[in-house]
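Look at the sequence and the fold side by side. Then follow the chain from its overall plan down to single contacts.

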Amino acid sequence: MLQIGSMSDGTLERKLHWLGKRLARSQREFGLFDPGDRVLVALSGGKDSLALLHALPVWARSAGLGLELAAVHVAVAGGPDRREALAA
């Protein structure tokens, strides 16, 4: 089981269930994915991107989409000052 911070298993499961419902609704409304799509998830390392990475494949299997998923985390060299300069 994925643990995020001090969140209990029950709380985590409820949040992931909510996220799955949001993914399903977005798929119905916008047709985000086609069966067999290849999806690259950009990770910041924060709770939200880790939760998405955990929930997306579970939801995709239940939706019968057969997505091919990969994740990438890019560390910007130079620390926080460099990241702020790139964002400007």
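The paragraphs below go from the overall pattern to the pairs of side chains.

This is a predicted model, in which local features need pLDDT of at least 70, side-chain atom pairs count only at pLDDT 80 or more, and totals for chains, interfaces and linings use all residues. Residues are numbered from 1 along each chain as its sequence is written, and side-chain values use heavy atoms, with hydrogens and water left out.

Start with the plan. The chain has 3 helices and 2 strands. Along the sequence they follow the pattern α-β-α-β-α. Helices (H or I, at least four residues) and strands (E, at least two) are DSSP runs, numbered from the N terminus. Of the 88 residues, 23% are buried. Buried means under 20% relative accessible area, exposed means over 50%, and partly exposed lies in between (1.4 Å probe, protein chains only).

Now take the strands. Strand β1 covers residues 38-42 and strand β2 residues 68-72. The two pair in the parallel sense over 5 bridges; pairing requires at least two DSSP bridges between strands. In β1, V39 and V41 are on the covered face, while R38, L40 and A42 are on the uncovered one.

Next, look at charges. Side chains of opposite charge can pair when their charged atoms come close. The structure holds 2 salt bridges, each a side-chain nitrogen of Lys or Arg within 4 Å of a carboxyl oxygen of Asp or Glu. One joins E68 and R38, at 3.5 Å from N to O. E68 is in β2 and R38 in β1, so this pair ties together parts that are 30 residues apart in sequence. R38 is exposed, at 70% relative accessible area. E68 is partly exposed, at 46%.

Finally, find the rings. There is 1 aromatic pair. F33 and W59 are tilted, 6.0 Å centre to centre, with 50 degrees between the planes. Rings of Phe, Tyr and Trp (its six-membered ring) pair if their centres lie within 6.5 Å; planes under 30 degrees apart count as stacked, over 60 as edge-to-face and the rest as tilted. Both F33 and W59 are buried.
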